[in-house]
Amino acid sequence: QHLLPCLLWAPQPSKTPAMRTISPSELAQHHAPGDMWMAVDGDVYDVSKFARLHPGGSQIIEQYAGRDVTTEFYELHRKDVLSKYARLRVGRLEGAKSVGTVEPGAISAVPFAEIPAFQGQHSPYYKESHKRLLQAVRAFVQTELEPIAESADLAGDYPDLELRQKLGASGMLGIQLGPGPWLQALGLLGIKIPGDVAPEEFDYFHELVAHQEFSRLGRPGFIDSLGAGWSISAPAIFHFARDEVRRTVGAQLLKGDKWSALAISEPFAGSDVAALRATAEKTPDGKFYIVNGLKKWITEGMYADYFVTAVRTGNTGTPKDMSMLLVERGPGLDTKQIKTTYSTCCGTAMVIMNNVKVPVENLMGKEGRGFMQIMYNFNHERWLIAQNLIGQGRAALADTFMWARQRKIFGKSLIDQPVIRYKLASSAATLESLQTFLEAVTYDMCKTKGGAVGERLAGPIAMLKYQTTRASWKIADDCVQILGGRGITRTGMGAKVEGFKNYVKYAAIYGGSEEILADLSVRQAMRAFPPEAKL
């Protein structure tokens, strides 16, 4: 049952009546079919015509008409519903207390809704520039992305060129790559880093903040449609492609004019990258590679213009056969949508390459270096996945706190129940332990030559992703239990909890499964095991 459901197609009055003060007695007079007013947060809404379109019928509207329904409203709806129905507002209830407005980009005071450093905790990692970037990215997300997130996610709509270019022009794409020479390139393209952060000041903590802000949207399919495939493929282009390719394709990617995806996984090769079967054979004149093969589960593959593709260029049966090519969409390359756990709007694809002609200039680095390049690229990808999961977990937990406070059951708020406070405490402790682990690894990245791609960091980052996906099950379980049916519903109060619950398992698979990463972290640790150590 809903009081003011999110129906964007509700009829609009010919003109908005002037705002005036309405007494409780006057409000009470408007309670009959065809003449119904309601008050929420002190604002009075004329829902007379709206009632006819109510999906649950007009009876629920008639039941509450003529009253202040603030308490009932917040047990059924998110606050943002009110902004969609501002046109139905006819006045202000007499004696109503002023409800403060929250400006886009504002820092939340809801417990555990923010990285602790932004709620008063002392931290050696964050400076004023990190806060500026956080607020700039959050304002962009709230004004440009939140209004379209639900509809795009539910409909499975791919982001159009206009949105992708908006992401590029605002600097929201460039900052997903972390610190590096591409940040200077942004300036040459007339693109500023959000929050006016200087390129030389930008570090991995700035990138951390940006990823977590996007993740707060709480809809993993939509979130991944905004650059998940782009952000794990573009770094390889900037690191390994020829100078001319970096200048031309790199600029197109930073502006959002073109899009890229990472094409490694195959039906025959997932975590076992060395088992891939896609081939690239040179033409007799040595000017082209002819690429054949299948790639599967390629995020953003449906609308990518370029594919950073792992192929076999040799036949020794070893990892030295592997190379990386930048394959442009064209004749012989086809993509087909794969339907996975989350929304199809992120364009997860089967990529079919049938005699695709690729210029030899699109070889990334040297032949036979592909396996090392893939491993090099994996570190940043896995760290990024941990960001997305922790950011979504924080958004889900914040929503759960607000729900527990405003939901009434057995005569009192949910949060007044000890068992609910226990679940909240357990989830908050888990979340903050993951954040602390993440910050320790991120600091190591900042201080290590080569940053995230340093070989020594492969183990710690693998363990971080493994622990994040494992522990997030606990957070998701607690949040769903507290939200109940709403926690398994894709719309409404529990939408972010439902999205997070689904993404936990998704994140446990892509970028390297939990078992593979756990094994990797221990095997790398054993390299430094002192032979003389004994019990």
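Two strands are said to pair if DSSP finds at least two bridges between them. Helices (H or I, at least four residues) and strands (E, at least two) are DSSP runs, numbered from the N terminus. With those terms in place, I turn to the model itself.

This is a predicted model, in which local features need pLDDT of at least 70 and side-chain atom pairs count only at pLDDT 80 or more, while totals for chains, interfaces and linings use all residues. Residues are numbered from 1 along each chain as its sequence is written, and side-chain values use heavy atoms, with hydrogens and water left out.

I begin with strand 13. Strand 9 (residues 288-298) and strand 13 (residues 349-359) run antiparallel and are joined by eight bridges. Within strand 13, valine 358 is the residue opposite tyrosine 289. Strand 13 is also joined to strand 12 (residues 333-337), again antiparallel, through five bridges. There, glutamine 337 has alanine 349 as its bridge partner. In a regular strand, side chains alternate between the two faces of the sheet.

Next, strand 3 (residues 35-40). Five of its six residues are buried, where buried means under 20% relative accessible area, exposed means over 50%, and partly exposed lies in between (1.4 Å probe, protein chains only). Which strands pair with strand 3? Strands 2 and 3 form a hairpin with two residues between them, and glycine 34 in the turn has a positive phi of about 90°. The hairpin of strands 3 and 4 likewise has two residues between the strands, and aspartate 41 takes a positive phi near 55°. Methionine 38 is bridged to tyrosine 45 of strand 4, and alanine 39 to aspartate 68 of strand 5.

I now move to helix 6 (residues 161-169). Its buried residues are Leu163, Arg164, Leu167 and Gly168. Why do they line one face of the helix? Seen down the axis of helix 6, they fall within an arc of 145°, the arc being that of the directions from the helix axis to the C-beta atoms. The face turned away from the buried side carries the exposed residues Glu162 and Ala169. Arginine 164 also lies over the face of tryptophan 259, at 5.7 Å from the ring centre; a charge sits over a ring if NZ of Lys or CZ of Arg is within 6 Å of the ring centre and within 35 degrees of the ring normal. A second case is lysine 357, whose charged end is 4.5 Å from the ring centre of phenylalanine 288.

Finally, the aromatic pairs. Rings of Phe, Tyr and Trp (its six-membered ring) pair if their centres lie within 6.5 Å; planes under 30 degrees apart count as stacked, over 60 as edge-to-face and the rest as tilted. The whole structure contains 16 such pairs. One of them, tyrosine 125 with tyrosine 443, is tilted, at 5.7 Å centre to centre and 50° between the planes. Tyrosine 125 lies in the loop between strand 6 (89-93) and helix 5 (128-155), and tyrosine 443 in helix 13 (residues 418-447), so this pair ties together parts that are 318 residues apart in sequence.
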